[in-house]
Amino acid sequence: MESFNQKVLFFTLAVIFLVHFSEHYHAEAKIDDFTTHLISRDSPLCPFYNPSETKYQRLQKAFRRSILRSNNFRAMRISPNDILSDVISGGGEYLMNVSIGTPPVPMLGIADTGSDLIWRQCLPCDDCYQQDEPIFDPQKSKTYKTLACDDEFCQDLGQLSSCSTDGNVCTYIYLYGDLSYTSGNLSSDTLTIGSNEGQPASFPGLAFGCGHSNGGNFDKKHGGIIGLGGGPLSLVKQLSSKIGGRFSYCLLPLSSASTASSKIIFGRSGAVSGSGTVSTPLIKGSLATLYHLTMEGMSVGSKRVEFKGFSKNKYSPAAAEGNIIIDSGTTLTFLPQDFYNDVESALKSAIGGETTTDPRRIFDLCYSSLSNLQIPTVTAHFTGADVKLQPLNIFIQVQEDLVCFSMLPTQDLGIFGNLAQMNFLVGYDLKNNKVSFKPTDCSKH
């Protein structure tokens, strides 16, 4: 009888172990490969959406945000060690839904490839901006903890961190280029990301900023920023061991259905490959946050225009490594002035037809309509990758009777913006240091 009981006990324990292992394995299989929504801030799905505005009014705001963001990137380049310019304020064009804590507290955050730190407003508020979502109370989370001053993540903050006077707690302060700010305790907690397929993916122990003092130009409809940059505190870097350093996104064209949303994919499925895929190296720049590529030139039809640097550097090698960044948070594309002039001239010559003037003086090359004009193929030549841009990537209708070339000249950092990336599957492989492009109908992806 004793032998029979021992066998029953052994069998019961084995079943419990197998069930636990199966559940654990299933969770692990899901957690390293997941997809979620990227919500355009001009979509009706986004709380920023103002139905009283026309689509053209929303576009004008996006253009102004692009120019401001370009200026802020310039400030980062001029003083990379200056805490006043180390990150970009929440001006990104896409948002993500995540949750932090146990139980999880939802947060709609700006998904920003130009920032690293994940942060949200936290109680108690010393000085917080008005927020529609409930403000996170860390005392109600079973998995919340502050990080010590000698923690690796605190060290990664460098000049942006300090040690609290009332204990060994790592504190941070980010001052943005537009003088917005966030400060508080560098902390860790479980972060949960809703998945389009299967169960939400949860990640314990992710470092984030618990902001007790936040203000400036932040909108009450979002609760913080989700950094997707290349620095050590970003979401993609913290998850690197689980997702293999891979993520990709597919941005819908502006003409897409109002109920549709773009997608961001993490992990194995975030790898971009197959017919039509081209890849170019990621270049390490002076700021780890930004994703630098090397543009060698552009072709307008069969006419190739070689890249030219900025006027002050025009005698240096034209296609210097890392001469442009790729950024999903900037709507427009910015090219060095001399290079832009040559591209615009080639495009104007190839199209023919009568040009018109942008009354707001944002764009330099505009037409009243493109319907009777031949638009040449424009190819962006990156090192090892020729990216063929469609008309939707290079022209935008800014009002009923005005269509403009959606690239602008700049006196500093080149930016490959999100209009140029629409209807491409854009993949980032941070382990193999490359970015890949694959022409894709993002409405079907």
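Thr 331 is buried, with a relative accessible area of 6%, where buried means under 20% relative accessible area, exposed over 50% and partly exposed in between (1.4 Å probe, protein chains only). The model is predicted, and local features need pLDDT of at least 70, side-chain atom pairs count only at pLDDT 80 or more, and totals for chains, interfaces and linings use all residues. Residues are numbered from 1 along each chain as its sequence is written, and side-chain values use heavy atoms, with hydrogens and water left out.

**Surroundings of Thr 331**

- Thr 331 is found in the loop between strand E17 (324-326) and strand E18 (333-336); helices (H or I, at least four residues) and strands (E, at least two) are DSSP runs, numbered from the N terminus.
- Leaving aside neighbours within four places in sequence, Thr 331 is in contact with Ala 62, Ser 66, Glu 93, Gly 417, Asn 418 and Leu 419, contact meaning heavy atoms within 4.5 Å.

- Strand E15 (residues 295-300) pairs with E20 in the antiparallel sense over 5 bridges, two strands being paired if DSSP finds at least two bridges between them, and Val 300 has Val 378 as its bridge partner in E20.
- E20 is also joined by 5 bridges to strand E21 (residues 385-389), again antiparallel, and here the bridge partner of Phe 382 is Ala 385.
- The hairpin of E20 and E21 has 2 residues between the strands, and Gly 384 takes a positive phi near 80 degrees there.

**Nonpolar cores**

- A nonpolar core is a set of buried Ala, Val, Leu, Ile, Met, Phe, Trp, Tyr and Cys residues joined through side-chain atoms within 4.5 Å; in the largest, of 90 residues, Leu 235, Met 295, Ile 326, Phe 382, Phe 416 and Phe 437 touch the most other members.
- The largest share of this core, 6 residues, comes from H6.
- Apart from this core lies another of 22 residues, among them Cys 46, Cys 154, Cys 170 and Ile 225.
- Leaving aside neighbours within four places in sequence, the contacts of Phe 382 include Met 295, Phe 416 and Phe 437.

**A three-stranded sheet**

- An open sheet of 3 strands has the order E19-E23-E22, with antiparallel pairing.
- Strand E19 (366-367) and strand E22 (395-399) stand at the edges with a single partner strand each, so one side of each is left without a neighbour in the sheet.
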